[in-house]
Amino acid sequence: EDMFVSLLATFGLSLLLQQVMNLFYGPEVQTIDMKLPVIDAFDNMVTIPYSKILSLVLAAIITTCVIIFMKRSRMGQAIRATAQDPRAARVLGIDTDRVYAFTFAFNAALCGAAGVLVSIIWVIQPFYGITYSVRTFAIVTAAGLGNLPGVIAASFGIGLFEKYTGMILGAAYEVAAPVSILVIVLIIRQISMKRNRQAVR
């Protein structure tokens, strides 16, 4: 019940922030000009902006810091323990309420950093968050909760699949690619769960 209330509160907060951004900046698509040069490769058939390289390097640094924090720090270990079994974590003396509060703030900071990195390489608009939410849900569903290497691998895999789909079928299908992967993963997991079920005797 507490988790359901938290999800509803987070969803409501996201709607509020979207409307506030729409009120201040309008619904128009905004871009950020980094004024960075572009690399031309393969006889100018491929162009790679330095802004995308910068965004990739910063994302790699942030990801490495998160992995080290989650595995080495006491708070990171407390977060993992609470995620696995909150009741056992409380028995071991972990203040789960403090862990929940810190995790929410930590997640908000990561989302803010991700938003900055996205704004460097792509367009931004107050209501574009739903597209990234779908991608994130597909990635976490494919990799599994708490599996950071799997999340990284799934992110690259879904990103490549999305881009190749856009190149072959067009930009309209590029947005639908993560949704199709999400549906396929859910179907595979449902079939796997049915196979693993055993009758209780």
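Arg 135 counts as partly exposed, at 22% relative accessibility (buried is under 20% relative accessible area, exposed over 50%, partly exposed in between, with a 1.4 Å probe and protein chains only). The model is predicted: local features need pLDDT of at least 70, side-chain atom pairs count only at pLDDT 80 or more, and totals for chains, interfaces and linings use all residues. Residues are numbered from 1 along each chain as its sequence is written, and side-chain values use heavy atoms, with hydrogens and water left out.

**Salt bridge**
- Arg 135 and Glu 162 meet through their side chains in a salt bridge, 2.6 Å from N to O (a side-chain nitrogen of Lys or Arg within 4 Å of a carboxyl oxygen of Asp or Glu).
- This pair links distant parts of the chain, with Arg 135 in helix α6 (residues 129-143) and Glu 162 in helix α7 (residues 148-169), 27 residues apart.
- Glu 162 counts as buried, at 7% relative accessibility.
- The structure holds 1 salt bridge.

**Ser 119**
- Ser 119 lies in helix α5 (residues 96-121) and is buried, with a relative accessible area of 9%.
- A polar atom of the Ser 119 side chain lies 2.6 Å from the backbone oxygen of Val 116.
- Leaving aside residues up to four places away in sequence, Ser 119 touches Ile 32 and Ile 124 (contact means heavy atoms within 4.5 Å).

**Whole protein**
- There are 8 helices and 2 strands (DSSP runs numbered from the N terminus: helices are H or I, at least four residues, and strands are E, at least two).
- Of the 201 residues, 18% count as buried.
- The C-alpha trace spans about 65 × 40 × 35 Å along its principal axes.

Terms used: Polar contact = N/O pair within 3.5 Å; in protein donor to acceptor, adjacent residues only side chain to side chain.
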